[in-house]
Amino acid sequence: MKQRIISAFFGVIVFIAVLLCNETVFDIALFLIMGMAIFEITNAVGLKNHKLMTIASLIYPLVVVFFNNTVAKFALLVYLLILLVIMLFDRNKYSFVDACMFFTATVLIPHTFVYTSFVRKMEYG
């Protein structure tokens, strides 16, 4: 628990510092913070050993931050398909509940954080 609090504290400090930087640095930092958040949530619920799903879950935020909305929608469907394929081919290790947890964390975190980027890109953001 102590390590999670330290990571969250570090993430908040970095996020505040990056608010003052240019758009590209801001987007990169936003992606890194999203990755940390997904990693922390999956570790907190006990999905630490699911390496394939973790890797797939860290690629989707990259698409959300750096590509337009149409590509992100397509990437969401591809990501869901990847999770289902991983779950089907390795049924002994990955369950449907695990895939749902990864999907929920991976969709909610980037779509929540990306609005920060949208607001920052507005005229008075």
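**Figure 1. Ser 7 in helix α1 of the predicted model.** Ser 7 belongs to helix α1, which covers residues 2-18, and the structure shown is a predicted model. Ser 7 counts as buried because its relative accessibility is 17%, and buried means under 20%. A polar atom of the Ser 7 side chain lies 2.7 Å from the backbone oxygen of Gln 3. Leaving aside residues up to four places away in sequence, Ser 7 touches Met 36 and Glu 40.

Figure 2. Ser 7 lines the second largest pocket, as do Met 36 and Glu 40. Other residues of this lining include Arg 4, Phe 15, Ile 33 and Phe 113. Helices α1 and α2 (23-44) each supply at least two residues of the lining, and α1 gives the most, with six residues. By residue type, the lining of the second largest pocket divides into seven nonpolar, two polar and two charged residues.

**Figure 3. The largest pocket and its lining.** The largest pocket has a volume of about 230 Å³. It is lined by 15 residues, of which Val 64, Asn 69, Ala 72, Val 114 and Phe 118 are the closest to its centre. Three helices, α3 (51-66), α4 (69-89) and α5 (96-121), each supply at least two residues of this lining. Helix α5 gives the most to the lining of the largest pocket, with six residues. Nine residues of the lining are nonpolar, four are polar and two are charged.

Methods
Residues are numbered from 1 along each chain as its sequence is written. This is a predicted model: local features need pLDDT of at least 70, side-chain atom pairs count only at pLDDT 80 or more; totals for chains, interfaces and linings use all residues. Side-chain values use heavy atoms; hydrogens and water are left out. Helices (H or I, at least four residues) and strands (E, at least two) are DSSP runs, numbered from the N terminus. Buried means under 20% relative accessible area, exposed over 50%, partly exposed in between (1.4 Å probe, protein chains only). A polar contact is a pair of N or O atoms within 3.5 Å; within protein, one must be able to donate a hydrogen and the other to accept it, and residues adjacent in sequence count only if both atoms are side-chain atoms. Contact means heavy atoms within 4.5 Å. On a 1 Å grid over the protein atoms alone, a cavity is a set of points where a 1.4 Å probe fits but cannot get out, and a pocket is an open set with protein on both sides within 12 Å along at least five of seven lines; lining residues have an atom within 4 Å of a point. Grid points are joined across faces, edges and corners, and a volume is the space filled by probe spheres set on the points. Ala, Val, Leu, Ile, Met, Phe, Trp, Tyr, Cys and Pro count as nonpolar, Asp, Glu, Lys and Arg as charged, and the others, Gly among them, as polar.
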